Amino acid sequence: MQFLALGINHKTAPVAIRERVAFTPEQLEAASLQLRNHQSIKEVAILSTCNRTEIYTLIEAGNVRPVLDWLSTFHQVSIEDLARYSYIHEDQAAIAHLMRVASGLDSMVLGEPQILGQLKDSYDLAKKEHLLGSRLELLFQHVFTTAKQVRTETGIGTNPVSVAYAAVNLAQRIFADLKTSSALLIGAGETIELVARHLKNAGVAKMVIANRTVERAQILADEMHGKAVALKEIPRELEKADIVISSTASPLPILGKGMVEQALKVRRHKPIFMVDIAVPRDIEPQVGDLDDIYLFTVDDLKEVIEENLAARREAAEQAEALILDSVQAFLRSLRIRDAGRMIKVFRQRAQQLAEDELALAFSQLDQGQDARDVIQKLCRNLTNKWLHDPTLKIREASAENRSDLLAAASQLLNLEASNKF
C-alpha cells in the first residue's frame with residue numbers, strides 16, 4: 001500500500017475546470033464513502049475549496065487509475081480532461097505535498113492560514129465517517145504538527161500580503177492600541193469588508209461604514225457591530241475618525257482638502273491615518289500635504305506587500321527544509337510502527353511456544369517423570385523450536401549466496417560477522 005494525493009488546483013486548471021470537480025459540503029460525505037468502498041482503496045479524505053480539489057488516500061502501489069475513474073464518473077468529467085489538468089503524487093511525494101498544502105506553501109497567497117483550517121475540516125469529516133485507517137490518521141496528525149512548526153519557526157504568515165491586511169497593519173504601526181481608536185470605512189465592497197474584519201480582529205473601538213447605498217453598508221455594519229451612514233454624512237463622521245480607509249468605484253474624489261481641513265480644526269489637529277485603496281483615488285492627493293494627516297495610497301501598500309512577499313519567500317525556503325526533515329521523520333515513525341507489529345507477532349509466537357512446552361513439562365511431571373529430565377527436555381525443545389526457522393533461513397540464504405540477508409541476520413542475532421558467510 002502507498003499514499004496517494006491526486007488533485008486539481010489554481011496552478012494547473014482554470015476556474016471553469018476547477019468548479020466542475022469541486023464538491024459541495026453536501027456532496028463530500030457521500031462522495032468520500034463511495035470512494036472508500038472501492039476494493040483497492042483502504043483510507044480516504046477529500047479536500048475541496050475554491051482553489052483546489054484534492055483526494056488523499058491509501059491505495060495499492062502503482063494503481064492510481066481507480067481514483068481517476070471514480071472522479072471522472074462522479075463529476076462527469078472526461079478522463080482526458082482530468083489527466084490534462086490534474087497532478088498525482090505518490091508515497092513520499094504525496095506526504096511532502098500534503099505538508100506543503102497545510103503550511104500554505106502551495107496556496108495562491110503564499111503562507112495564507114485558511115487552508116489549514118479547511119484541511120482540518122476534511123480530516124474531521126473523514127474521521128467521523130470512519131474513512132481513516134491508522135496510517136492516514138497518523139499522516140494527518142504529523143502534517144498538522146509540521147504546519148504548526150512552520151508557522152512558529154519561519155514566520156511565514158506574519159507579514160501581510162493583501163491590500164486590506166496591509167492597510168490595517170500600517171494603522172497598527174501608527175496607533176499603539178486600536179482598542180481606543182475609531183475607524184471610518186468608505187465603501188462596502190469586498191476590500192472594505194476584508195478591512196473591516198481585520199480591524200475587528202485588531203480590536204478597533206468603533207467602526208462606521210459610509211456607502212452610497214446605506215442598506216448595503218448596514219449589512220456589513222451589523223456584522224461588525226458598527227454604524228452605517230450615507231456618503232453625505234462623511235464630514236460629520238470624519239471629525240470623530242482616527243482611521244479612514246476608502247475603496248469605492250467613484251470616478252471623482254470623495255474626500256477633498258477643504259473637508260479634511262475642517263475636520264482637523266474640530267479635532268484640534270488630532271492626527272488622522274488615511275489609506276486610499278481606490279483607483280481612481282477617493283482622497284485628493286493634496287490631503288497628504290496637511291499636517292497631522294498620514295495618507296497612504298494603494299501604491300504605498302503595494303511596496304509594503306512586495307517587501308512582505310519577499311520575506312515570505314525567504315520564510316518559504318526555511319519551511320521547505322523543515323518539511324523535508326518532517327517527511328523523513330514521518331517515514332521513520334512508520335517504519336518503527338511497522339517494526340512494532342512485527343515484534344509483537346514474533347513475541348506472541350515465542351510466548352506460545354513457551355506455553356506449549358511448559359504445558360507438556362507439567363504433564364510429564366504429573367506423570368511422575370524425573371524433574372531434572374523434564375527441565376532438560378523443556379530447555380532443549382524450546383531452544384530447537386525457537387531456532388528452527390532462523391537456522392533454516394540462514395542455510396537457505398547461504399545456499400543462494402544472499403550476503404545481504406546473512407549480514408542482516410548477523411546484526412539482528414547479535415553475532416559477529418564471519419567471512420565464511
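What you see is a predicted model, and I begin with the cysteines: taking a disulfide as a pair of sulfur atoms within 2.5 Å, the count comes to 0 disulfides. Cys50 is exposed, with a relative accessibility of 64%, while Cys379 is partly exposed at 45%.

Turning to charged groups, side chains of opposite charge can pair when their charged atoms come close. Over the whole structure, the search returns 19 salt bridges. In one of them Glu320 pairs with Arg100, where the closest N and O atoms are 2.8 Å apart; Glu320 belongs to helix 13 (residues 298-366) and Arg100 to helix 5 (residues 92-102), so the pair ties together parts that are 220 residues apart in sequence. Glu320 is partly exposed at 31%, and Arg100 is partly exposed as well, at 22%. Both also belong to a network of salt bridges that links Lys11, Arg52, Glu54, Arg100, Asp106 and Glu320.

Another salt bridge joins Lys385 to Glu357, with the closest N and O atoms 2.5 Å apart, and this pair links helix 14 (residues 371-399), which holds Lys385, to helix 13, which holds Glu357, across 28 residues. Here Lys385 is partly exposed at 43%, whereas Glu357 is buried at 4%.

Finally, where does Thr57 lie? Thr57 sits in strand 3 (residues 52-59) and is buried, with a relative accessible area of 1%. The Thr57 side chain reaches the backbone oxygen of Glu43 at 2.5 Å, and the residues that Thr57 touches include Phe3, Ile41, Val67 and Leu136.

Notes: Residues are numbered from 1 along each chain as its sequence is written. This is a predicted model: local features need pLDDT of at least 70, side-chain atom pairs count only at pLDDT 80 or more; totals for chains, interfaces and linings use all residues. Side-chain values use heavy atoms; hydrogens and water are left out. Buried means under 20% relative accessible area, exposed over 50%, partly exposed in between (1.4 Å probe, protein chains only). Helices (H or I, at least four residues) and strands (E, at least two) are DSSP runs, numbered from the N terminus. A polar contact is a pair of N or O atoms within 3.5 Å; within protein, one must be able to donate a hydrogen and the other to accept it, and residues adjacent in sequence count only if both atoms are side-chain atoms. Contact means heavy atoms within 4.5 Å. A salt bridge is a side-chain nitrogen of Lys or Arg within 4 Å of a carboxyl oxygen of Asp or Glu. Lists of a residue's contacts leave out its neighbours within four places in sequence.
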